[in-house]
Amino acid sequence: RFVLPRLARDRYPFSTALSQLRDLRRSGPAAENYRIGLQSFHAAVNATAGQVVFPGNLEDFLSANPKFAALRAELEALYARSQDIFFHDSPVTESDMLLKELLDLCMRCRSLERTAA
């Protein structure tokens with residue numbers, strides 16, 4: 001009776017990412033924690049899409065997964081921030097606040113992933 005809810009929860013990519021983000025938040029504010037959190041979030045998006053999602057194909061992801069369309073602006077901003085951090089070596093500032101924003105977005109995505117399209 002306790003195993004089935006756990007198994008159902010584990011099949012959702014954003015549930016996994018949310019758990020990882022919560023662990024990172026508990027370990028303290030650090031730029032590296034935010035980078036790891038971004039990677040976890042992107043892994044959830046990729047798992048949901050069944051392919052790697054980049055800024056250039058984010059629209060394809062949203063078209064294929066319309067339940068996430070309400071988060072379009074936030075996802076676009078997150079992908080732009082990720083591009084700066086991972087590909088342009090931009091520094092992470094106020095990493096604790098950014099991790100909280102990432103955690104909040106992931107919670108909204110988790111709620112959406114459990115609903116029908």
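Ala69 is found in the loop between H4 and H5, where helices (H or I, at least four residues) and strands (E, at least two) are DSSP runs, numbered from the N terminus. The model is a predicted one, in which local features need pLDDT of at least 70 and side-chain atom pairs count only at pLDDT 80 or more, while totals for chains, interfaces and linings use all residues. Residues are numbered from 1 along each chain as its sequence is written, and side-chain values use heavy atoms, with hydrogens and water left out. With a relative accessible area of 30%, Ala69 is partly exposed; buried means under 20% relative accessible area, exposed over 50%, and partly exposed in between (1.4 Å probe, protein chains only). Ten residues separate Ala69 from Glu59 in sequence, and their C-alpha atoms are 9.1 Å apart in space.

Most residues other than glycine have a negative phi. Asp89, although not a glycine, has a positive phi of about 50°. At 68% relative accessibility, Asp89 counts as exposed.

The helices may be taken in order. Phe14, Ser15, Ala17, Leu18, Leu21 and Leu24 are the buried residues of H2. Gly28, with a positive phi near 110°, follows H2.

Helix H3 has 19 residues and reaches 27 Å from its first C-alpha to its last, close to the 27 Å expected at 1.5 Å a residue. Its buried residues are Asn33, Tyr34, Gly37, Leu38, Ser40, Phe41, His42, Ala44 and Val45. After H3 comes Gly50, whose phi is positive, near 80°.

The 16 residues of H5 should span 22 Å at 1.5 Å a residue, in agreement with the 22 Å between its end C-alpha atoms. Leu75, Leu78, Tyr79, Ser82 and Ile85 are buried in H5. Seen down the axis of H5, these buried residues fall within an arc of 130°, so they line one face of the helix; the arc is that of the directions from the helix axis to the C-beta atoms.

Which residues have the most contacts inside the largest nonpolar core? They are Phe14, Tyr34, Phe41, Leu75 and Leu102, in a core of 28 residues. A nonpolar core is a set of buried Ala, Val, Leu, Ile, Met, Phe, Trp, Tyr and Cys residues joined through side-chain atoms within 4.5 Å. At least two residues of this core come from each of H2, H3, helix H4 (58–64), H5 and helix H6 (95–113). H6 gives the largest share, seven residues.

The largest pocket has a volume of about 150 Å³. On a 1 Å grid over the protein atoms alone, a pocket is an open set of points where a 1.4 Å probe fits, with protein on both sides within 12 Å along at least five of seven lines; lining residues have an atom within 4 Å of a point. Grid points are joined across faces, edges and corners, and a volume is the space filled by probe spheres set on the points. Among the lining residues are Gln39, His42, Tyr79 and Phe86. Helix H3 (31–49) and helix H5 (72–87) are the elements that give two or more residues to this lining, and the largest share, five residues, comes from H5.

Note on methods
Expected span 1.5 Å × (residues − 1).
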